[in-house]
Amino acid sequence: MFPNFSFKFVTPAGVMFNGLVKQVVAVNVEGEFGVLAEHMNFITQVLPDVVTVELADGPIEHYLLTSGGLAEVKDGAMRIIVAFPIRA
């Protein structure tokens, strides 16, 4: 079992989600990618699609990205910055 890591979902209106998660799955130009704790540092464009967030306490949340954005994993934490996410 992987440990949890910090994840933040940022929009122009403010922070939509900020907390501990087990896994985040999103889509970039190469296809679907997943991030777990201790993932290497990287930055990528995310495409309009569904982002799946598995929360630390078990539930899974889905967010629809109506526009692309940016995903960054740095020093054990991840953030996604997008213009218009919708919680599905």
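1. Phe-9 counts as buried, at 0% relative accessibility. The model under discussion is a predicted one. Phe-7 is likewise assigned to the buried class, with a relative accessible area of 0%. Both values fall in that class because buried means under 20% relative accessible area.

2. The aromatic pairs come to 4 in number. In one of them, the ring centres of Phe-7 and Phe-9 are 5.8 Å apart and the planes stand at 75°, so this pair is edge-to-face. The assignment follows because an angle over 60 degrees counts as edge-to-face. Ring pairs also join Phe-7 and Phe-9 with Phe-17 and Tyr-63 in a cluster.

3. Phe-33 and Phe-42 form a further edge-to-face pair, since their ring centres lie 5.7 Å apart and their planes meet at 90°. As to accessibility, Phe-33 is buried, with a relative accessible area of 12%, whereas Phe-42 is partly exposed at 22%.

4. The largest nonpolar core has 21 residues, of which Phe-7, Phe-9, Val-24, Met-78 and Ile-80 touch the most other members. At least two residues of this core come from each of β1 (5-11), β2 (14-28), β3 (31-36), β5 (50-55), β6 (60-65), β7 and β8 (77-82). Strand β2 supplies the largest share, 4 residues. As background, nonpolar side chains tend to be buried together in soluble globular proteins.

5. Which residues is Phe-7 in contact with, leaving aside its neighbours within four places in sequence? They are Phe-17, Asn-18, Gly-19, Val-21, Val-24, Val-53, Met-78 and Ile-80. Val-24, Met-78 and Ile-80 are also among the core residues that touch the most other members, and Phe-17 belongs to the aromatic cluster.

6. Leu-70 calls for separate comment. This residue lies in strand β7 (residues 69-74) and is partly exposed, with a relative accessible area of 37%. Together with Ile-43 and Ile-81, Leu-70 forms a nonpolar patch on the surface, and the three have about 250 Å² of accessible area together.

7. Not counting residues up to four places away in sequence, Leu-70 touches Ile-43, Thr-44, Val-46, Arg-79, Ile-80 and Ile-81. Between Leu-70 and Ala-88 the separation is 18 residues in sequence and 20 Å in space, C-alpha to C-alpha.

Conventions. Residues numbered from 1 in each chain as written. Predicted model: local features only at pLDDT ≥ 70, side-chain atom pairs only at ≥ 80, totals over all residues. Heavy atoms only, no water. Phe/Tyr/Trp six-rings, centres within 6.5 Å; stacked < 30°, edge-to-face > 60°. Buried < 20%, exposed > 50% of the residue type's maximum accessible area, 1.4 Å probe, protein only. Patch = residues over 30% accessible without salt bridge, like charges linked within 9 Å, V, L, I, M, F, W, Y side chains within 5 Å. Areas by Shrake-Rupley, 256 points an atom, 1.4 Å probe, with all protein chains shown as cover. Salt bridge = Lys/Arg side-chain N within 4 Å of Asp/Glu carboxyl O. Core = buried A, V, L, I, M, F, W, Y, C linked by side-chain atoms within 4.5 Å. Contact = heavy atoms within 4.5 Å.
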